[in-house]
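Please consult the sequence and the coordinates alongside it.

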Amino acid sequence: MDKTDNREILKVKDLSISFTQYNGLKKETTQTIHNLSVSVHEGEIVAIVGASGSGKSLLAHSILGILPYNATLSGEIYFYDNLLTEEKKREERGKNIALIPQSVSYLNPLIKIGSQIRKGDNSSKAKERCLEILRKYKLDEKVANMYPFQLSGGMIRRVLISTAVYSSPKLILADEPTPGLDSKTLNHIAKHFQDLANEGIGILIITHDLDIALKIANRIVVFYDGKTIEDISTNDFSSLDNLNHPYTKALFHAMPQNGFHSFSLNCFSQGSENKGCSFYNNCSHANPKCLGNIPWKKTNSGFVRCILEKEDKNVLKSK
Ligand SMILES: Nc1ncnc2c1ncn2[C@@H]1O[C@H](COP(=O)(O)OP(=O)(O)OP(=O)(O)O)[C@@H](O)[C@H]1O
Ligand SMILES: [Mg+2]
């Protein structure tokens, strides 16, 4: 069954994020995320795929209400049809909505793993639940009494997942959950996510690695320059012809199994007016219309932000 038929857990609608900074005495505002929309359903694993600096972590942090102080947010975020106000985000954070953070530095180096998973709860019930989760993620019970520095990279990743699932969340935001892991560990982590989804949990995975996203997710949302440019079923990646945006095609071409065709991109247009295609400078079929408004168009299995017809599209300008 298509998971998008399941109940919607998360809906992000027209999210924009900008930052105010001072350059000397001059106040400057830079928009980093532009009118972003994305949704996650029960039992669905959605991957946000985008380059470094494209705003992926900011999306997760805006859902959790932990954006930096100089950020301004507009748009709406719904959790099970309820608008998430900043107060609601605080209530849900770490409970119904859990984060698997990008950085291991989210773990306190001076506190034992068990206590961090239990969030300081020392009751016997909490201790039992903690051990149960450690066992689930094939971590020895002794790990509860160890410090982060005593664990390998793969073990730390499993501890971060354990910390997130401890509160039995409905939605998990996983920010780069698999950096630098060997393929065996990666397959284990993919299986853990699949098991969580089978329990009905919705998962939003954030990654720069399309290969990993295709291994884990049901749906891929491609991010470029703070905008969603394509939302597409993972199954559609079986053929290049199914992909709709030139940037999605370029990512597909760059995968090792598809020839490793590298590409260099002209600078992102961050801070520019929220109009026109951000990929304009890199697209061999760009025309003046691409500088106008680009609608979020329905496709076979999702949406695309591109005015070109499929047959017009090649991939990238040659270097
Ligand atoms: N406090 C801040 N003030 C100004 N700009 C910021 C601030 N925090 C983030 N940004 C901007 O937001 C952009 C997106 O940041 P984000 O961390 O979401 O990127 P990302 O896609 O997660 O990158 P990566 O893959 O490297 O983790 C950054 O490039 C930076 O320019
Ligand atoms: Mg990030």
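Q: What makes up the accessible surface of the chain?
A: The accessible surface comes to about 15400 Å², and carbon and sulfur atoms hold 50% of this area. Such areas come from the Shrake-Rupley method with a 1.4 Å probe, and for residues only the protein chains shown count as cover. This is a predicted model, in which local features need pLDDT of at least 70, side-chain atom pairs count only at pLDDT 80 or more, and totals for chains, interfaces and linings use all residues. Residues are numbered from 1 along each chain as its sequence is written, and side-chain values use heavy atoms, with hydrogens and water left out.

Q: Why is the chain called as compact as a globular protein of its length?
A: Its secondary structure comes to eight helices and 12 strands, where helices (H or I, at least four residues) and strands (E, at least two) are DSSP runs numbered from the N terminus. The radius of gyration is 20 Å, close to the 20 Å given by the globule rule for 319 residues, so the chain is as compact as a globular protein of that length. The radius is taken over C-alpha atoms, and the rule is 2.2 Å times the number of residues to the power 0.38.

Q: Why does S162 count as buried?
A: Buried means under 20% relative accessible area, exposed over 50% and partly exposed in between (1.4 Å probe, protein chains only). S162 has 0% relative accessibility and therefore counts as buried. S162 is found in helix α5 (residues 153–165). Neighbours within four places in sequence aside, S162 is in contact (heavy atoms within 4.5 Å) with I117, I133, Y137 and L139.

Q: What makes helix α8 mostly covered?
A: Of the eight residues in α8 (residues 246–253), seven are buried. They are P246, Y247, T248, K249, A250, L251 and F252. The buried residues of α8 pack against β3 (45–50), α7 (210–216), β9 (219–224) and β10 (227–233). Over the whole chain, buried residues make up 48% of the 319 residues.

Q: What makes β2 and β5 edge strands?
A: Four strands form an open sheet in the order β2-β1-β4-β5, with antiparallel pairing. Strands β2 (26–41) and β5 (82–83) each pair on one side only, and they are the edge strands. Two strands pair if DSSP finds at least two bridges between them.

Q: How do you know that β1 and β4 are joined?
A: Eight bridges join β1 (residues 8–23) to β4 (residues 71–79), and the two run antiparallel. Among the residues concerned, K13 has E76 in β4 as its bridge partner.

Technical notes: Chains lettered and ligands numbered in written order.
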